[in-house]
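Hi everyone, thanks for coming. I'd like to walk you through a structure that may be new to you, starting with how its chains meet.

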Amino acid sequence: MENAITVTGLSKKYQLGRKRSGSFRETMSERFSGLFTKESNEAGLAAEFWALKEVSFEVKPGEVVGIIGKNGAGKSTLLKILSRITAPTKGRVEITGRVSSLLEVGTGFHPELTGRENIYMNGAILGMKRNEIKSKFDEIVAFSGIGQFIDTPVKRYSSGMYVRLAFAVAAHLEPEILIIDEVLAVGDAEFQKKCLGKMKDVSEQEGRTVLFVSHNMAAISSMCNTGLLLSKGEIEFKGNTQDMISRYLEQIIQMPSTSSTVKKSGLTFIRINTVNEIGEQRTQFGFSEPISVKMDFSNLTDKQAVNIGLAIRDATGKKLFTTVFLKEHLFKGDHFVQVRIPAKTLLQGHYTADIALFDNYEAYDYLEHRISLIITDADSSLRNYKAEEIGSIHIPCEWN
Amino acid sequence: MKTIIEAGRPRLASQLREIIQYRDLLVLLAYRDYRVRYAQTVLGFTWALIQPLLTLLIFILVFQKAVKVDTGTIPYALFALTGMWAWSYFAYVITQAGQSIVSSQALVTKIYFPRLIIPLSKGIVGLIDFMIVLLLLLLLLVWYRFVPGINVLTLPLWIIAVVLFSMAVGTWFSALTIRFRDLQYVIPFLVQIGLYLSPVGYPSSQIPAQYRTIYYLNPMAGIIDGFRWSLLGTPLPETKFLLYSGIIILLLFISGIYYFQRTERQIADII
């Protein structure tokens, strides 16, 4: 079967530090300085930045591909090229079928125009023919629930109505390939949920191809059957979604954690380990296993008291809970603390943790996403549910 | 449907095919501009009549009463309005097209469609006001009981010329404004100067013969003369001047599309 998308050697270069939208005077003076000196030319080269480097991959029709990566990995650039907003510097993309992206919801809506006019306007911008819009018009109006307000200028709509109408048009576009950048998606939580729901319909019931960029690992793992992990503009991994997510979480750990350490105070973490009950070093734990986090840190001056904190975040990056330990009379030297997260606390899924050393006056060391945890659940009664259905934390409650 | 995205400039043929594909959008964008233009104004579309009428009044005061321009047997109001008819279309289109891409940033950075449609749609919106002024012109013709001669059959030709030239300059300006925002300030100024460098309020016969070669480098001069010749029977400029104008219009049109295409691919990156 023919590929839905074939990408070969795709590269995109951006100029940094040199404003291309500069004024006429700037461009002219650049041209002239280029005539007389060689340095300016070299400086221009040094300021190049490759947002994508030789990226190649294929997507089969009906595949739902999750694209993840840290900020600046090139996810959005890739989507922008695929949706033809920006052109590649090198390489080639072949796309079979109509592409539409949900970040376009409401693009081209004009407040002065009525709902009816905006449907035609928006549909045409999205590439629909007038007859096509006409034939789907009633359906779009019904889906949006705008009803009698269809001939009212949209500036009189509530924001909810506005989004519903915009979404209704996009939802009836029936693209063969749908591109969703959740990172860029605007709108309230309910609207985002609607987008995800629509995406599910599109991929599962209609067998369409979907490219999905998100920082929400739970959404990625529940919806996508393959994944693409981008790192610094290159493909680091492609294939199975679960493996990709594990790789991604590892990557986060290796990332020189954003540390706001004030080195002068000389209180820093040295070594962090997560171990199971029998002291084996692990990142993957069962739901019914306790997790111990061992932290070594060094202290250069005697201190009255120091707090040691651990904050657990879910796969979307939201902090779930924090636990803090107060250590008094902290003398000069190396120290060790251990915190045990009780068994059956974290439901299955991916988690990261921040760790911190601080007192009432300042943070000595703060490491974001320093720890990565994968919890698996093979036996509990909650194993069949996803995080978005039941949440992430298990608290033993008594039922009578 | 197969789409190929490659580095470099897209082929002209596939570009034109796309513009035809998106022709509904071309019309709708024009419709949107037209709908939005006089929204929530008290006088609404009367404005489209008031503007040329007031300009005409000022022209009568300045050129006919003060400067005492000689237009022979042709009533001055009729003479001036014919010039303004072509000029105001041109001025409207190049001003609107010039800022068109920059002012639709929200659209251009989020979704793909052939960008050339944006400046081109301005050429269509301009035709609405063009029709309104034509109405005014017809009223004046009736008022003065002026019957145009057989030349009037060539009028469509002159209209095509002014549309082509306006779109050519508009395309150039819209692409240039993306890179050089300075143009936003330059264009209104150019329009103001152009009004006096074109035979809108005075006959081109008043230009001394030795300056005519330079004068007719401005295609609007030839076009306005053409409008008057076909409607009012005033003399046409020398054929070689008309030829110049034709060549300049075509060159500007082709190079405008070429330059626009070169800039088009980087719009989202530099805007």
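Let's begin with the polar side of things: between chain B and chain A there are 11 residue pairs in polar contact, both residues being at pLDDT 80 or more. By polar contact I mean a pair of N or O atoms within 3.5 Å; within protein, one must be able to donate a hydrogen and the other to accept it, and residues adjacent in sequence count only if both atoms are side-chain atoms.

Before I go on, some housekeeping: this is a predicted model, where local features need pLDDT of at least 70, side-chain atom pairs count only at pLDDT 80 or more, and totals for chains, interfaces and linings use all residues. Residues are numbered from 1 along each chain as its sequence is written, chains are lettered from A and ligands numbered from 1 in the order in which they are written, and side-chain values use heavy atoms, with hydrogens and water left out.

Back to the interface. Which parts of chain B touch chain A? At least two residues each come from β1 (2-6), α1 (12-21), α2 (23-37), α5 (105-108) and α12 (267-270) of chain B. Helices here are DSSP runs (H or I, at least four residues), strands likewise (E, at least two), numbered from the N terminus. The largest share of that side, 8 residues, is from α2(B). Sorted by class, the side of chain B that touches chain A holds 20 nonpolar, 5 polar and 12 charged residues. For those classes, Ala, Val, Leu, Ile, Met, Phe, Trp, Tyr, Cys and Pro are nonpolar, Asp, Glu, Lys and Arg are charged, and the others, Gly among them, are polar.

In contact terms (heavy atoms within 4.5 Å), 37 residues of chain B meet 45 residues of chain A. Together the two chains bury about 3800 Å², 57% of it on carbon and sulfur atoms. That's the accessible area (1.4 Å probe) that two parts lose on being put together, summed over both. On the chain B side, B:I5, B:K110 and B:I111 lose the most area to chain A, together 16% of what that side buries.

Now look at the strands. β4 (residues 90-96) of chain A runs antiparallel to β1(B), with 5 bridges joining them; strands pair if DSSP finds at least two bridges between them. Opposite B:E6 in β1(B) you'll find A:R92.

On to salt bridges, meaning a side-chain nitrogen of Lys or Arg within 4 Å of a carboxyl oxygen of Asp or Glu. How many are there between chain B and chain A? There are 4, and one salt bridge pairs B:E18 with A:R84 at 3.1 Å, N to O. Over all chains, the search of the whole structure finds 20.

Inside chain A, A:R98 and A:E132 form a salt bridge at 2.9 Å, N to O. A:R98 sits in the loop between β4 and β5 (99-101), and A:E132 in helix α5 (residues 130-144), 34 residues apart. Buried or exposed? A:R98 counts as buried, at 16% relative accessibility, while A:E132 is partly exposed at 23%. The cut-offs: buried is under 20% relative accessible area, exposed over 50%, partly exposed in between (1.4 Å probe, protein chains only).

A:E132 also forms a salt bridge with A:K136, at 3.7 Å, N to O. Both lie in helix α5 of chain A, 4 residues apart, about one turn of the helix. A:K136 counts as buried, at 11%.
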